[in-house]
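Student: I would like a close look at a single part of this model. Please take me through it step by step.

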Amino acid sequence: MRQTEQTVSPMSNEGRNLYVVKHITAAVLKLMQKQNLNEISISQICDEAGVGRASFYRNFASKEDVISRHLKTLLDNWWIEAIKKPDFNLVEAVFEHYYEHRELCMMLYKQGLAHLNLKSIKEACGPKPEQINIVAYTTAYFSYGLYGWIEEWFKRGMQETPKEMAELWKKAQQNNSK
């Protein structure tokens, strides 16, 4: 079973770790609103989160790891909800996800951390070692291509709606198949 605040006792090790992860993540995101991630110290994060350095390093390898895990959690939660929709369109749903989290995405982009979004996309829908070559190549093409669109969308200030982006994607795919 997936560990969430609702499924574990706050007194268990898992409950304490969830508490620590939640507060460290919130602290990093709050501090990043005023400083670049590379300027933020682990001590600042721990002070803001109200946890010790040992708790930080027990749960995270680095400051970027905090962001990567947060992005993965957001994508995992999004996927669970997105596939329930009867009119599910993967490309549009991906753009909707990033539009919903545009403040975070733009903050990462402006701080030179957009590659963390690529990492989360690759983990979610990129190639897997167990895939046969053609599937892995096709999956890589899709995930990197989609990320390229998303990054360019960030650069241009996310002017289009997710629906408009999905339509542009569809037109581009049609033009490529001619």
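Student: Which helix gives the most to the lining of the second largest pocket, and with how many residues?

Tutor: Helix H4 gives the most, with four residues. Keep in mind that this is a predicted model.

Start with the setting. The protein chain has nine helices and zero strands. From the N terminus on, its elements run α-α-α-α-α-α-α-α-α. The C-alpha trace spans about 60 × 35 × 30 Å along its principal axes.

Now the pocket. The second largest pocket has a volume of about 210 Å³. Its lining includes Leu75, Asp76, Trp78 and Trp79. Leu90, Val94 and Tyr98 line this pocket too. So do Ile121, Ala124 and Cys125, along with Phe142 and Leu146. The elements that give two or more residues to this lining are H4, H5, H7 and H8.

Next, the cavity. A search of the whole structure finds one cavity of 30 Å³ or more. The largest cavity has a volume of about 40 Å³. Leu71, Leu74, Leu75, His97 and Tyr98 are among the residues that line it. His101, Leu104, Cys105 and Ser120 also belong to the cavity lining. Helix H4 (63-82), helix H5 (90-100) and helix H6 (102-110) each supply at least two residues of the cavity lining. The largest share, three residues, comes from H4. The cavity lining divides into six nonpolar, three polar and no charged residues.

Now look at two of the pocket helices, H7 and H8. H7 covers residues 115-125 and H8 covers residues 133-155. Their axes come within 10 Å and cross at roughly 150°. H7 and H8 are therefore roughly antiparallel to each other. H7 passes H8 in a right-handed crossing. On the H7 side, the contact uses His115, Asn117, Leu118, Ile121, Lys122 and Cys125. On the H8 side, these meet Thr139, Phe142, Ser143, Tyr144, Tyr147, Ile150 and Phe154. The residues of this contact divide into eight nonpolar, four polar and one charged.

H8 has another partner, H6. The axes of H6 and H8 come within 10 Å and cross at roughly 85°. That makes H6 roughly perpendicular to H8. Cys105, Met106 and Tyr109 in H6 meet Glu151, Phe154 and Lys155 in H8. This contact divides into four nonpolar, no polar and two charged residues.

Valine 21 lies in helix H1 (residues 13-32). Leaving aside neighbours within four places in sequence, valine 21 is in contact with Asn59, Phe60 and Arg69. The C-alpha atoms of valine 21 and histidine 70 are separated by 9.3 Å. Those two residues are 49 apart along the chain.

To recap, H4 gives four residues to the lining of the second largest pocket and three to that of the largest cavity.

Note on methods. Residues numbered from 1 in each chain as written. Predicted model: local features only at pLDDT ≥ 70, side-chain atom pairs only at ≥ 80, totals over all residues. Heavy atoms only, no water. 1 Å grid on protein atoms, 1.4 Å probe; cavity = no way out; pocket = protein on both sides within 12 Å on 5 of 7 lines; lining within 4 Å. Points joined across faces, edges and corners; volume = space filled by probe spheres on them. Nonpolar A, V, L, I, M, F, W, Y, C, P; charged D, E, K, R; others polar. Axes fitted to C-alpha atoms, helices over the stretch in contact; angles between N-to-C directions. Parallel < 35°, antiparallel > 145°, perpendicular 65-115°, else oblique. Left-handed = near helix turned anticlockwise from the far one by under 90°. Contact = heavy atoms within 4.5 Å.
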